[in-house]
Amino acid sequence: MKKVLLLFLLSIYALTAASQNTIGLPDIINHSKEKYKAGAQNRQIIQDRKGRLYIANNDGLLTFDGINWKNYPLPNKTIIRSLAFGPDDRLYVGGQDEFGYFTSTNNGQLAYHSLKHLVPANENWFTDVWEIYFYRDLIFFQTSNKIFQLSGNNCTVYKSNHWRFIGVSQDRLMAQDQQKGLLEFKNGLWSPFLQESELPVDYFATSLTPIGCDSSLLTTLKNGLFIISGNKATKFSSGFLQTISDKNISCATMVNKDHIAIATNLAGCFIIDKKGNLIQSFTRKEGLQNNNILDIFLDKEKNLWLGLDNGIDFISYNNAIKHIYSDYLNEGSGYAAHIYNNELFIGTSNGLYKVKLEDAPDLSFVKGNFQHLANSDGQVWNLSEVNNQLLMGHHDGAFLVKENTVLPIDKSSGYWGFLPYNNILPSSLMVSGTYNGINFYNYNNGQFGKSKLVAHFESARFVVIDNGNIWIAHPYKGIFKVTVSGDKVTTKRYASKEGVFSNNGNFIFKIKNGLVLTSENGVYEYNSAKDVFEPSPYYNQFFAGKNIRYLKEDQQGNIWFVFDKILGVLDLSNDKPQMLYLPELTNQFVSGFEFIYPIDERNVLVGGEKGFYHINYHQYKQLEYPLQVQVVLVKAFNEKDSVLYGGYSGEVNETIKGSSKKVNISHSWNSFHFAYAAPVYAQQSNIEYSYFLEGFDEKWSEYTTRAEKEYTNLPAGNYTFKVKARNNLGDESATSNYSFTVLPPWYQTYWAYFLYTCMVFFAGYWYYILQKKKFKAQQLMYEEEQKRLQYLHQLELEKNEKELVKLRNEKLEAEIQHKNTELASTAMHLVQKGELLGKVKDQMLKLKTSVVDEKDELKKILRTISDEERMDEQWEHFSIHFDKVHSDFLVTLKKRYPLLSNNEMKLCAYLRMNLSTKEIAQMMNISVRGVEISRYRLRKKLEIAKDVSLFDFLIQATAQPTIEAN
């Protein structure tokens, strides 16, 4: 009876132990089929050397690079059950009635090649290929009733009623036959392997995992775990393992040298040590999508991937940041935490919780369940230890924490926190920040009693005590100093003259034993001698441009800070200060209620919107994830897109960085989309990328979390797209490159330039011909122009000649006018002569009748005659000038008509001058009738007809005859 009771108690203990998990759990990321857009079941998971994941999915081969999911279905659209990398770096897969391998095409995309044609015709039908293994240059594909062995192009078939399992361990290939048990492959034969075995008769082996130099862990579906060492199988048993032995154990993997991960189809995943004790469990309660795990895989970063019956889950197992939930079903926001009497108390929006601590360097691995303390429901703002007593600041008041409950101290207001006023403990006076300002409490006989001292003015959440002064920061009202002097309390508000230049965003903290004020304008330190806040040269060199909302100093002197919902650390543990950011926790705080509780270097608690985060800061700084950035996709765009590069160069598992083949691209496809990724799955939020297009960009881009880049309308030329990645620690990856050439448009090709050359040549020749024709035409035009110019010149000469003639005529006319004037003058003399003769005649008549002295009269007549002689001389002078004016008129007339008398000559001259009859009569000193008679006689003598004008006749008669050229 006692043995039965003991066994019952042991089973109860085992169940209780199995139900306890660690208080800190790594983040679990769920990938649903809606997210990766493929089938529900995911049977196997592997990873290539570059870090990319491959999953055997119901809809085909599923790949993941940390950012992008892609699915590659088999030609027959069958389920893929198994996959493995071969020694040739090809990715081999097996599905329903199909097996083969994937390799890359010329443009870097995955393409499937079937090997089914190597199977003998009579064996060319089979069920699902569940496992693929490589053993000594041989490939084995295991189905339920056949194992295919491929060696080159030869295929050997091993039949069985039911092959249940195949695996390799310690360089030994083993398979389980339903009837013959565990067999080993030697020299082309399957022979019994175990000499000693604790395996049951009808076990179903599911996996074989090396766990030591000469040992392997064999998991069975419903019979638990066994250790294979040499040719011996021994039961691996513990209280916990006994509880999960019938949970359909599907597989196992080593997490580290001490821990093993066990996956089940019914109860989720469990982490155990080598003694079989439970370390952690992961089920739907902890965040899995479901508890049906088909495969478990440990990636290069020592994190776990779970292939589920419906979905894929990622467990950031090796991450230095864990999540702490006080209640999985009621996730409250985390506001306060404190370790008191070896218990961890955490205050949330749901109340106060506690858990017993174990002696563990990393508190996140403490196993236990949080206990809710009675009477603590609601917002817990603060946990403070004053005079060795734990106090709770609550929305409903101030409380004392006692064992499993809380006792009210003062419920007059909501309380933000508590501080001892005196440096010497126990402090006789305690300061508390409330919704209304500052309250004071006296401490006597181990109890806190409310003091009459108060300083009520504004809500006092940020309170610091320095040298007996109580400093309060109100984020929207400014800075206040409360001074206690005996029974008197004074309050002073600090404004711009004291260095507080902003009423908004002011926070006050005690760092390095000094007062530090943070505001929108920067960081300030208090100068007690001047009683002012002054800009801090030291802190502003690190925090310039950051609106710091929270500061906390840890035991190592590092300063934790929060700004713009970003958590960082000013690490001062080394000689050179270093700014370190934790992007995993960006935007995970309750804004305005940030809380950081640094216990030691391995344990830092941070309040979050859902519970708390545990940071193993020592581990966080030590973790090194090798960064390998890859260009995973290159597309060119025109009216539609075309994939130029699918992310693979060579075989799938090769480590070539980028494409080694240079691609020539038509100019019409000169817009490009580049996608890249660094498959660091636990730190994906920490990764930033910088890119540079050689041949176009002038410098590397700024780092950003965006994992794609587009370029449009690139000109013709040679380009190399380069990308690199870095993490939050500043570590950079090597670059990944993709080279390509944008061909010039057809009008810029060599053929086009040759055509242009020919066109230019022919155009030049044609131009030469045209110019020649044009020259000839111009020459003809020139000649015609010359002729025209000569003609015009001749005309000009003639015109000039005419002008000369005209000028001569004008000159002649002027001379004629002059001569005419002289002739007129001569004619006047002749008229005067006539008058003289008349006078002489009259004088002679007078002398004839006069009786006066004849001698005097004769003298007068002689003088008159002398004047007459001069008149004759004037006529001769007149005749000379007349001939000059009238082209030798008198000479010509005399030659043609020599019988003309002098008087008739004179009459002709006068007529030529076109004088009137009266004028002629005066000139000739005859009467008008005498002139007419003389004209008649002259006509008769010249034989002029009556109808001919005497004037015209004289002009024609004296005209010079035309002299013709010989």
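In helix 9, the buried residues are Glu 904, Met 905, Lys 906, Leu 907, Cys 908, Ala 909, Tyr 910, Leu 911 and Arg 912. The helix is thus mostly covered, with nine of its 11 residues buried. The model is a predicted one. Helix 9 spans residues 902-912, and Asn 914, which follows the helix, has a positive phi near 60 degrees.

Helix 9 is paired with helix 10 (residues 917-924): the two axes come within 10 Å and cross at roughly 145 degrees. The crossing of these two helices is right-handed. On the side of helix 9, the contact is made by Asn 903, Leu 907, Tyr 910 and Leu 911, and on the side of helix 10 by Ile 920, Met 923 and Met 924. Six of the residues in this contact are nonpolar and one is polar, while none is charged. An α-helix has 3.6 residues a turn, so residues three or four places apart point the same way.

The largest nonpolar core comprises 92 residues, and Phe 533, Leu 567, Ile 615 and Phe 740 have the most contacts inside it. Strand 53 (residues 559-563) supplies the largest share of this core, namely five residues. A second, separate core holds 26 residues, including Leu 900, Ile 920, Ala 921 and Met 924. Two of these, Ile 920 and Met 924, also belong to the contact of helix 10 with helix 9. In soluble globular proteins, nonpolar side chains tend to be buried together.

Beyond its neighbours within four places in sequence, Phe 533 is in contact with Trp 471, Ile 479, Tyr 494, Glu 498, Gly 499, Val 500, Ile 508, Leu 517, Tyr 524, Glu 525 and Tyr 526.

His 474 lies in strand 45, which covers residues 469-474. The relative accessible area of His 474 is 12%, and the residue is therefore buried, the cut-off being under 20%. With neighbours within four places in sequence left aside, the contacts of His 474 are Glu 458, Ser 459, Phe 480, Asn 503 and Asn 506.

Over the whole protein, 12 helices and 66 strands are present. Of the 966 residues, 50% are buried. The accessible surface amounts to about 48800 Å², and carbon and sulfur atoms account for 51% of this area. Among contacts between residues at least 6 apart in sequence, 52% join residues at least 24 apart.

Definitions and conventions. Residues numbered from 1 in each chain as written. Predicted model: local features only at pLDDT ≥ 70, side-chain atom pairs only at ≥ 80, totals over all residues. Heavy atoms only, no water. Helix = DSSP H or I, 4+ residues; strand = E, 2+ residues; numbered from the N terminus. Buried < 20%, exposed > 50% of the residue type's maximum accessible area, 1.4 Å probe, protein only. Contact = heavy atoms within 4.5 Å. Core = buried A, V, L, I, M, F, W, Y, C linked by side-chain atoms within 4.5 Å. Axes fitted to C-alpha atoms, helices over the stretch in contact; angles between N-to-C directions. Left-handed = near helix turned anticlockwise from the far one by under 90°. Nonpolar A, V, L, I, M, F, W, Y, C, P; charged D, E, K, R; others polar. Areas by Shrake-Rupley, 256 points an atom, 1.4 Å probe, with all protein chains shown as cover.
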